[in-house]
Amino acid sequence: MEENFPCKINNGCDFGVELEYQSGFGNHFMSEALPGALPQGQNNPLKCPYGLYAEQISGTSFTSPRKVNQRSWLYRIKPSVTHEPFKPRVPSHQKLVSEFNQTNSTATPNQLRWRPVDIPDSPTDFIDGLFTMCGSGTSFLRHGFAIHMYTANKSMQNCAFCNADGDFLIVPQEGRLWITTECGKLQVSPGEIVVLPQGFRFTVDLPDGPSRGYVAEVFGAHFQLPDLGPIGANGLASPRDFLVPTAWFSKDPHPGYTIVQKFGGELFTARQNFSPFNVVSWHGNYVPYKYDLGKFSPYNTVLIDHADPSINTVLAALTEKSGVPLLDFVIFPPRWLVAEHTFRPPYYHCNCMSEFMGLIYGKYEAKPDGFIPGGASLHSCMTPHGPDTKTFEDTMVHGNEARPFKLSGTMAFMFESNLIPRVCPWALESPSWITTTISVGLD
Ligand SMILES: [Fe+2]
């Protein structure tokens, strides 16, 4: 069908220019890179415009209730099926896990903390630079999560990644990510996040070279906006601030193009002679998207006591139990601290939930010296933790004289789960791992 295709092969979209996005969360979007490329009135016509092939990608079972049902229709130059068989990737990856058990990971109730992992000197792309830190459950049973980090310095070349296990929520900490997806392109900077749903092919370019970041992967659920309860109809992340790509495609031949598929935590490769980014038009509500954390509208205490961190949930992947997250993404953004006769830093606590924290930039109020950008911590179920000694003592010195104070220039975040994570051996053996110190029981 390619001979029917016009010479005008793309819409001129390039990463060097400001990209156009569609906005909204959970919308039914539509986009076409050529006029008239999107079929009207039906999804799967006998003959699609320009001789394109119609292909559906579903993110939920066909019979999921309408309010959670997600699928999109992609109209592409060649159908995805036209690839050679998948084979185990050589060399195998070794540091990706999607099923956590006693053979591949460790349970520990201790506080864990890591310095920023060094970015390698040798050429490393996003796939090879990705490694699992901890997680729980299994992608095979569609219940669980994995937390990864990445350190990379090289763009992916002539290959695309496809995660068949779950959705990625990527939090870049250093270096921009220029991500090409089947729905179009996304420019993502530190301070923004991007969600790449299960099954979408994507490639990551690193325009700044050395890059580092965090990734939460959820199995069997998709992220959604949290309910706002008594906050009302507005606040936290606004749906219109979520940005979705517009259609972009490449018609150029790509001999030896490789699809790298993560399936059950293992990598497989398949060759094909074309780019998977050959989608000329698409519509649907199963889409990749990005969000600028700087647009978040935080809520907080205005008189006494410290709000629970759930007050600043950006996105939530839920379990079937009401109010119980498979994984919440929560941020600690710049905000005013005004509470009276109150210990303003995070209170000491033991939670039934488990908390993995990262710091994108600035200082984290509860550990200004021990937790630096690019670092991480894990406080598992019922592991006691709280502010370090210095933070406690400085807070007590100010006492009730503390004035309203704006915490600025900081962006910490937390992946919080109801499931209890097991930790990968390379995370415990990493030179970046720090043994936490006990100082008068306060660290
Ligand atoms: Fe905590």
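Reader: Over residues 20-293, what are the helix and strand percentages, and how far apart are the end C-alpha atoms?

Author: That stretch is 0% helix and 43% strand, with its end C-alpha atoms 19 Å apart. Helices (H or I, at least four residues) and strands (E, at least two) are DSSP runs, numbered from the N terminus. Mind that this is a predicted model: local features need pLDDT of at least 70 and side-chain atom pairs count only at pLDDT 80 or more, while totals for chains, interfaces and linings use all residues. Residues are numbered from 1 along each chain as its sequence is written.

Reader: Which domain does UniProt list for residues 20-293?

Author: An unreviewed entry there gives "domain: Homogentisate 1,2-dioxygenase N-terminal". UniProt positions follow the numbering used here, feature names are shortened, and annotations may be inferred rather than shown by experiment.

Reader: How many helices and strands does the chain have?

Author: Two helices and 29 strands. The radius of gyration (over C-alpha atoms) is 23 Å, close to the 22 Å from the globule rule for 443 residues, so the chain is as compact as a globular protein of that length. That rule is 2.2 Å times the number of residues to the power 0.38.

Reader: OK, strand pairing. Where should I start?

Author: With the general idea: strands of a sheet pair through backbone hydrogen bonds, either parallel or antiparallel. Here, two strands count as paired if DSSP finds at least two bridges between them. Take E7 (residues 130-138): eight bridges join E7 to E8 (residues 143-152), and the two run antiparallel. E7 also pairs with E28 (residues 422-423), again antiparallel, over two bridges.

Reader: In the hairpin of E7 and E8, which residue takes a positive phi?

Author: Arg 142, near 55 degrees, in a hairpin with four residues between the strands.

Reader: How many residues of E7 are buried?

Author: Nine of nine, so to speak a mostly covered strand. A residue is buried if 20 or more other C-beta atoms lie within 10 Å of its own, exposed if 12 or fewer, and partly exposed in between, with C-beta atoms placed from the backbone. Over the chain, buried residues make up 42% of the 443.

Reader: In what order do the strands of the open four-stranded sheet come?

Author: E2-E19-E4-E3, with antiparallel pairing. E2 (29-32) and E3 (53-58) are the edge strands, each pairing on one side only. Four bridges hold the antiparallel pair of E2 and E19 (residues 279-284), and Ser 31 stands opposite Trp 282 in E19.
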